[in-house]
Structure formats: C-alpha cells, structure tokens
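Reader: I would like to learn how to read a structure like this one. Could you take me through it, one feature at a time?

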Amino acid sequence: MHVHEGVIRFMIRHATALVLIFLLSAGAYAQDVTYRKHIRPLWEARCSTCHGAASPEGAVFDENKEKFAALSQGPRMDSYTALLSFVAWPDTGALMRRLDDGKSTADKKPGNMYVNLGNSEEERQRNLALFKQWVGTDAWTLKKPDAITKEELLRIKAKY
Ligand code: HEC
C-alpha cells in the first residue's frame, strides 16, 4: 500500500513533466518517413543524375542494359510510382538488394548502389536507415518476386 501511495504522490507532483515526456516521445514516434518529406529530397541529391527524366523506362533499359550502363543511365525512377516499382512490383526487392550494406547477407557484400548513398560511411548508414524506415524495417527483404511471400509484400509501407 505504501509503495502504491508513493507512486501516486510522485505522479501527481510530476504530472506536468510526465505529460510533457509522453507528448514528446509520442511526437517522435508519430513521424513517419514519407516519400515527399524524406525520400524525394534524398533521391534528388543522390540518385537523380543517373535515374532521372533523361533515363529510359525500366523495360527499355532492360532491352539494352550495357549501352545505358555505359552512359551512366540506370532505369528511370523519377516519381513515387516509378520508384515503388523497384520496391514492391514488378521489380520486387531491387531497391533493397542494390542499397543493402550486406551486413546481414551471407556474402557480406553490399549492393552496388550502396556506395551512392553518401560520401562517408556515416552518411551512407544514415541514408540507408532512412530508406529502411521508408520501406518498413520489418519489410526490408532482398527476396526476388518469385521468392517473396504475400505476407512479406503486404508489410511494405513506402508511404507517399
Ligand atoms: C552514377 C550513376 C548512378 C547513381 C548516382 C545511382 N545509380 Fe542506381 N544504377 C545506375 C546504373 C547505370 C544502373 C544499371 C546497372 C546496374 O544494374 O548496376 C543502376 C541500377 C539501379 C537499380 C537496379 C534497377 C534494376 O534494373 O533492377 C536500382 C534499384 C538502383 N540503381 C537504385 C539507385 C538508388 C536508390 C540510387 C540513389 C541512392 C542510385 N541508384 C544511384 C547508376 C546510378
């Protein structure tokens, strides 16, 4: 009983501080990573030169990969919809396979776009974390379309 009363007295005395802490932490968690707010600016800074409006549609890129790669042109990803097609479908997991740092894979090799995430390891890790939060930390999988399950696919957040 004594402990209980003590806790209540403590809470009453510190009510303002407790409410404040609650509101602050709720605010931090409520901040979803979205395409508009976080991913688009990051994409513009780090990906647009090779995946922008001058680049071919994915299907056209696939017809002549070597030619486009020699021109430093990857498939076009300059809209939310286009980028999403490299996350969810039809190019399921492509973004994750290319951006992953390799730390959790068997061969430990990073994807070949990981290097483009930043100029320093610290910046690359920070931007990878942002992409992971956007896709969904429990949805980050390197699986290809024929290996991913419906449950895994439905975990993808990728908010606009
Ligand atoms: C210097 C140019 C360059 C930059 C910058 C660049 N890429 Fe690429 N990217 C390429 C080229 C060229 C290819 C195609 C060749 C290959 O598959 O490696 C490619 C391929 C890809 C693919 C695979 C597409 C497919 O066909 O499945 C993804 C996904 C990708 N890039 C994502 C990104 C992201 C995200 C960024 C920014 C963090 C980025 N790239 C930055 C040049 C670039």
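Predicted model: local features only at pLDDT ≥ 70, side-chain atom pairs only at ≥ 80, totals over all residues.

Reader: Which of the 20 residues around the ligand come nearest?

Author: Those are C47, C50, G74, A94 and N116. The largest share is from α8, with 4 residues.

Reader: What does the secondary structure of the protein chain come to?

Author: Here you count the elements and then read their order. The protein chain has 10 helices and 0 strands, so its pattern, by the way helices and strands are assigned, reads α-α-α-α-α-α-α-α-α-α along the sequence.

Reader: What radius of gyration does the protein chain have, next to a compact globule of 160 residues?

Author: The idea is to set the chain beside a reference. A compact globule of 160 residues would have a value near 15 Å, whereas the protein chain has 21 Å.

Reader: At what angle do helix α3 and helix α9 pack?

Author: For a helix pair, look at the angle and the distance together. Helix α3 (residues 35-46) packs against helix α9 (residues 121-135) at about 140 degrees, and their axes are 10 Å apart. That angle makes α3 oblique to α9, because only angles over 145 count as roughly antiparallel. The crossing of the two helices is left-handed.

Reader: Which residues in α3 and α9 meet?

Author: From α3 come H38, I39, L42 and R46, and they meet N127, L130 and W134 of α9. By class, this contact has 4 nonpolar, 2 polar and 1 charged residues.

Reader: Where should I look for backbone details?

Author: Now turn to two loops. In the loop between α6 (65-70) and α7 sits S72, a residue other than glycine whose phi is positive, near 60 degrees. The loop between α7 (80-84) and α8 holds P90.

Reader: Is the peptide bond from W89 to P90 cis or trans?

Author: The bond from W89 to P90 is cis, and its omega is near 5 degrees.

How values were computed. Residues numbered from 1 in each chain as written. Axes fitted to C-alpha atoms, helices over the stretch in contact; angles between N-to-C directions. Parallel < 35°, antiparallel > 145°, perpendicular 65-115°, else oblique. Left-handed = near helix turned anticlockwise from the far one by under 90°. Contact = placed C-beta atoms within 7 Å. Nonpolar A, V, L, I, M, F, W, Y, C, P; charged D, E, K, R; others polar. Near = placed C-beta within 6 Å. Rg over C-alpha atoms; globule rule 2.2 N^0.38 Å.
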